[in-house]
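I opened my notebook to look up a few things in this structure. Here is what I was working from.

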Amino acid sequence: MAEPQPMLALDGVSAAYGGFQALFGVSLTVAPGEAIGVVGPNGAGKTTLMRVISGLIPPRQGRIAFEGQQVGGWPAHRIVAGGIAHVPENRRLFPALSVADNLRMGAFVPAARGRYAERLAWVYELFPRLKERQHQLAGTLSGGEQQMCAIGRALMSGPRLLLMDEPSAGLAPVVVEQVFALVRRIRAEGFTVLIVEQNVRQMLELVDRAYLLDVGRIRMSGTAAELRANPDIQRAYLGM
Amino acid sequence: MSDRGRFLPLGAAALALALVPLFGPPSYVMHMAVQILLWSFIYTAWSIMGRFGLVSLGHGAFLGIGMYVPALLWNLYGVTPWLGIPLGVLLAVLSALVIGWPCFRLKVVGHYFALVTLALTEVARLSIIAARDITGGSLGMTPKPVPGGHSWWALQFVDKAYFFWIGLGLWLFGLWAWRAVDRSMRNPALEAIAEDETAAAAIGIGVTRLKLEVTLISAALTALGGAAMGQYLQYLNPETHAGIGISLQIVFAAIAGGMYAMLGPTVGAVLTLVLTEALRIAFGTTLIGAANTIYGVLLILFIIFMPRGIVGLIEERLRARGAKA
């Protein structure tokens, strides 16, 4: 099978906050249409990985290529305009803004403004619940609805790659199920998705391939089935 | 309510106000009116950024720069304020850029931003004092009067009506600028930044640029207000027009009136000026300092019990009544 040209390729990426280095030479690829998971314990550098891809922090070393273009070090708004949207950890909605205004802000980049109405209609079609609640303040939504709104907000920029940081964090188990169902629908819509999660079991049912990140380094990678069958993963993350 | 529906009464009120000087009100009333209009404009200018959590204590500097640049150019080189005022505004905008850009780039927010801008105000005040050969230092300065006292070229008028109309025009311009920021995408984007800067950046809002834009707008309008104030008072003093004192006065008045509502800063200007005058008349020269103390206590009470100001409170009440009905 010929390797398709990757949509996203990280090559030896390191990142740090001041003197604290959180990522050490991380390399990974995401092909168009794939769903890729990055798993790892707390403090492994998963959120840092998301932030470095979305331009919130610059890489110290290494290269980040998106659709063949070097995007490492670009400011976040340029990355969003380029086609990568970020659903941050804990949703990070604007609680005092209405659901509609939160979605509107997702289409802030000039490239997305022209297609705002069209995308809004599409997001409402995808998540009818958001349409029902459009005038409500985002802070008053339930946890699952907030995740819906955060995903909808990210989709408003018209991304080709969606970064999702711990979509299940802080949600009740039954809501986590719903959120993973949302992610499946996003996949079915044809989006390429890169997810980081602590919830390894459910994540491995969702993605095509996954990487294991630990203390800032990629320790293992493979198809979801391979990782599920790996004894170390089974012992450490699946409780088997 | 539609925009037109809201602006019709405002336009009618402005027109009625514009006719006031024709009835020849007493000079004292005109003096108060001009002060209220000019300070309303300046407080509105501050609130244009203040309402997004960008609390600047640097507006004393912008005011002072806007005031001193045209006066100095006039006194030293005979340059008309028509040129001096734009130059003053430009210099204020540049100083806002020099302070704002690194602050926003390096994510200096909240109290830290207030402190950095406070330093700017002090630099402006101390610079004016240090240049006492041309500015008169702490004694203040007076723009050279023209013979007869009335000149469009020098922007000096004996008749207060001219400054009343200038003040009215500036005040309306300030309200228009407020609306312009509101109606663009900037308003929700700046609110989003105020709520969660990182999330705003993550979804593609250019945080640094937006904050800088609104800061420069605010600084420019404040400098313009300062220039008009200087031309009106014909007396400039670094202590009352450039220092910490004036910066705090701006912040207090905007908060008391309500910095989140378009007419809040205007209410703040009326309130603080009327209060200052009432206290001055009540205490006169006896018990010096009592007026300032009462003023300070009232403002503390305002900030604690009415953080959204008078207009904010009224809006809240109206909404509560509307919800009940």
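**Set-up.** I noted that this is a predicted model, where local features need pLDDT of at least 70, side-chain atom pairs count only at pLDDT 80 or more, and totals for chains, interfaces and linings use all residues. Residues are numbered from 1 along each chain as its sequence is written, while chains are lettered from A and ligands numbered from 1 in the order in which they are written.

**Strands.** I took helices (H or I, at least four residues) and strands (E, at least two) as DSSP runs, numbered from the N terminus. Two strands pair if DSSP finds at least two bridges between them. I then followed β4(A) to β5(A) (residues 69–70), an antiparallel pairing over two bridges. Here A:Phe66 faces A:Gln69. These two strands make a hairpin with two residues between them, and A:Glu67 in the turn has a positive phi of about 50°.

**Chain contact.** I counted residues as in contact if their C-beta atoms, placed from the backbone, lie within 7 Å. On that basis 15 residues of chain B touch 22 residues of chain A. Which helix of chain B gives the most to this side? I found that α8(B) does, with five residues.

**Helix.** I looked at α8(A) (residues 173–188), which has 16 residues and reaches 23 Å from first C-alpha to last, close to the 22 Å expected at 1.5 Å a residue; the expected span is 1.5 Å times one less than the number of residues. After α8(A) comes A:Gly190, with a positive phi near 95°.

Methods: Two residues are in contact if their C-beta atoms, placed from the backbone, lie within 7 Å.
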